[in-house]
Every structure is written in structure tokens, then in C-alpha cells.
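Work through the exercises below with the sequence and the coordinates open. Each task is followed by a solution in steps.

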Amino acid sequence: MMADIKAKGGNEQVEPELLEVIISSFGVNSTPKKIPMKAVSNLGKMLSLILPKNVQKIVIVVSREYLGSEKGFLESGKKALPNASINVLFSYKLDNDSLLIYFK
């Protein structure tokens with residue numbers, strides 16, 4: 001139920017319905033790491049620096065402006081963390097100059 005989800009951090013930047021899917025369907029932490037897109041020249045290196053090595057699931061949320069770029073996000077993530085399950089979701093509410101990383 002959406003009303004039961006209490007989240008903190010950067011979650012006010014995504015739609016409540018999307019947040020519900022992220023937390024309930026993917027089973028990841030409800031507090032994302034927010035990263036400015038201009039700080040990401042190599043997403044794989046960034047993920048390997050900020051996420052634990054034993055991470056199992058990663059959900060990358062980007063602006064809808066990046067529709068069609070999901071393959072690039074997936075490949076970069078898989079190079080850095082090959083054992084993790086990685087999903088890319090798009091938000092209409094998220095700024096196109098940042099991305100959110102949810103993980104477990």
C-alpha cells in the first residue's frame with residue numbers, strides 16, 4: 001500500500017507509484033543515493049566507488065529525458081558490479097541533471 005511507505009532522502013523527487021514499485025517489487029533500500037549527472041563521466045566507476053562490493057540489487061532511476069539510454073546504464077553497471085541485478089527506471093518527476101541509485 002502506498003500510504004504505508006515511509007521514505008526519506010531523495011524520494012520526494014520521484015512519483016509515489018514509482019517509489020512503491022522500487023521498494024516492494026525490487027526489495028531495495030528506500031533511501032537512495034542521489035548523484036549529479038555532471039559528476040558521472042563513468043557510471044561503472046562511480047557505482048564501484050559508492051556501493052558496497054557485495055550489493056545484490058541496483059535500481060537506477062533517471063529522468064525520462066534518457067529514454068532509450070537504458071542499455072548504456074545497464075552495461076556500465078554490469079561492468080562494475082557483474083554479480084548484481086540491475087534495473088533502470090524512468091521518472092517524469094526527476095530532474096534530468098541527477099540520478100538516483102537504490103540498492104540492496
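**Exercise 1**

In which segment does E15 lie? Then describe its surroundings.

Solution. E15 lies in the segment before α1, which spans 16-26. Helices (H or I, at least four residues) and strands (E, at least two) are DSSP runs, numbered from the N terminus.

The model is a predicted one, in which local features need pLDDT of at least 70 and side-chain atom pairs count only at pLDDT 80 or more, while totals for chains, interfaces and linings use all residues. Residues are numbered from 1 along each chain as its sequence is written, and side-chain values use heavy atoms, with hydrogens and water left out.

Step 1, burial and charge. E15 is buried and has no salt bridge. Buried means under 20% relative accessible area, exposed over 50%, and partly exposed in between (1.4 Å probe, protein chains only). A salt bridge is a side-chain nitrogen of Lys or Arg within 4 Å of a carboxyl oxygen of Asp or Glu. K93 is the nearest side chain of opposite charge, at 7.1 Å from E15; Lys and Arg count as positive, Asp and Glu as negative, and His and the chain ends are not counted.

A polar atom of the E15 side chain lies 2.7 Å from the backbone nitrogen of Y92. A polar contact is a pair of N or O atoms within 3.5 Å; within protein, one must be able to donate a hydrogen and the other to accept it, and residues adjacent in sequence count only if both atoms are side-chain atoms.

Step 3, contacts. With neighbours within four places in sequence set aside, E15 is in contact (heavy atoms within 4.5 Å) with S91, Y92 and K93.

**Exercise 2**

Solution. Step 1, elements. The protein chain has 3 helices and 4 strands, and along the sequence they follow the pattern α-β-α-β-α-β-β.

Step 2, burial and range. Of its 104 residues, 40% count as buried. Among contacts between residues at least 6 apart in sequence, 74% join residues at least 24 apart.

Step 3, surface. The protein chain exposes about 6,100 Å², and carbon and sulfur atoms supply 52% of that area. Accessible areas come from the Shrake-Rupley method with a 1.4 Å probe; for residues, only the protein chains shown count as cover.

**Exercise 3**

Which residues of the largest nonpolar core touch the most other members?

Solution. Step 1, members. I58, I60, L99 and I101 do so, out of 19 residues in this core. A nonpolar core is a set of buried Ala, Val, Leu, Ile, Met, Phe, Trp, Tyr and Cys residues joined through side-chain atoms within 4.5 Å.

Step 2, sources. At least two residues of the core come from each of α2 (43-50), β2 (57-63), β3 (85-91) and β4 (98-103).

Step 3, one member. Beyond four places in sequence, the contacts of I58 include L51, L81, A84, I86, I101 and F103.

Step 4, the other core. A second, separate core has 12 residues, among them L18, I22, V28 and V59.

**Exercise 4**

Why does S63 count as buried?

Solution. Step 1. S63 counts as buried because its relative accessibility is 4%. S63 is found in strand β2, and beyond four places in sequence it is in contact with F90, S91, L94, D95 and N96.

Step 1. E65 is found in the loop between β2 and α3 and is exposed, with a relative accessible area of 51%. The C-alpha atoms of E65 and S91 are separated by 8.9 Å.

Step 2. L67 is also in the loop between β2 and α3, and at 54% relative accessibility it counts as exposed. Its C-alpha atom is separated from that of S91 by 9.8 Å.

**Exercise 5**

Solution. Step 1. K78 is in helix α3, residues 70-80, and is partly exposed at 38%. K78 touches A84, S85 and I86, residues up to four places away not being counted. A polar atom of the K78 side chain lies 3.4 Å from the backbone oxygen of P82.

Step 1. G27 is found in the loop between α1 and β1 (33-36) and counts as partly exposed at 31% relative accessibility. Beyond four places in sequence, G27 is in contact with I22 and K104.
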